[in-house]
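Okay, thanks for coming, everyone. Let me put the structure up, and then I'll walk you through it piece by piece.

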Amino acid sequence: MTAKTVAKSRILKAVHETARDLNAAGFIDMRRMREYDALCLAPIPVYSRQRIRALRQRHKLSQAVLAAVLNTSLSTVRQWEIGDKHPSGPSLKLLDLLDRKGLESLI
């Protein structure tokens, strides 16, 4: 499993790994693999402005340091915290990783 995916349970993790191996061997196409992803993997949660600020404060990071850790701009982090923008894509996945595993996982 990659860092961006979290299985819902140990059994579903095993099912997903088997499906991934079958996909690599050419027995399952990408359309079917996306179905296995949706069934077996937990979705990444939405991060509200309050949750982002709490996460930053929990790890005692300034907005500038959080931006550097997430490889984004300071203005983007500011806009997240005031609610003008919402994280998506890699930034959302990195926030989830920071939330679940801690700062050490990103450095």
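**The core and what surrounds it**

Let's start inside: the largest nonpolar core has 13 residues, and those touching the most other members are Tyr47, Ile52, Leu66, Trp80 and Leu95. By nonpolar core I mean a set of buried Ala, Val, Leu, Ile, Met, Phe, Trp, Tyr and Cys residues joined through side-chain atoms within 4.5 Å. Two or more residues of this core come from each of α3, α4 (63-70), α5 (74-82) and α6 (89-101). Helices here are DSSP runs of H or I, at least four residues, numbered from the N terminus. As background, nonpolar side chains in soluble globular proteins tend to be buried together.

Quick word on the source: this is a predicted model, where local features need pLDDT of at least 70, side-chain atom pairs count only at pLDDT 80 or more, and totals for chains, interfaces and linings use all residues. Residues are numbered from 1 along each chain as its sequence is written, and side-chain values use heavy atoms, with hydrogens and water left out.

Now, who does Leu95 contact, if we leave aside neighbours within four places in sequence? Its partners are Tyr47, Ile52, Leu55, Leu70, Trp80 and Pro87, where contact means heavy atoms within 4.5 Å.

Is Asp96 buried or exposed? It counts as buried, because its relative accessibility is 7%; the cut-offs are under 20% relative accessible area for buried, over 50% for exposed, and partly exposed in between, with a 1.4 Å probe and protein chains only. Not counting residues up to four places away in sequence, Asp96 touches Ile44, Pro45 and Tyr47.

Leu106 and Leu70 are 36 residues apart along the chain, with 8.2 Å between their C-alpha atoms. Beyond its neighbours within four places in sequence, Leu106 contacts Val69, Leu70, Leu94, Leu97 and Leu98.

Over to Arg58, in helix α3 (residues 49-58). Arg58 is partly exposed, at 48% relative accessible area. Setting aside neighbours within four places in sequence, Arg58 is in contact with Leu98 and Asp99. The side chains of Arg58 and Asp99 are joined by a polar contact of 2.9 Å. That term means a pair of N or O atoms within 3.5 Å; within protein, one must be able to donate a hydrogen and the other to accept it, and residues adjacent in sequence count only if both atoms are side-chain atoms.

What about the loops? Lys60, between α3 and α4, has a positive phi of about 55° although it isn't a glycine. Asn71, in the loop between α4 and α5, also isn't a glycine and has a positive phi of about 55°. Lys60 is exposed at 75%, and Asn71 is exposed at 73%.

The axes of α1 (residues 10-24) and α2 (residues 30-40) come within 10 Å and cross at roughly 170°; axes are lines fitted to C-alpha atoms, for helices over the stretch in contact, and angles run from 0 to 180 degrees between N-to-C directions. So α1 and α2 are roughly antiparallel to each other, which is the label for angles over 145 degrees. Residues meeting there include Leu12, Val15 and His16 in α1, and Met30, Met33 and Tyr36 in α2.

Note on methods: Angles under 35 degrees count as roughly parallel, over 145 as roughly antiparallel, 65 to 115 as roughly perpendicular and the rest as oblique.
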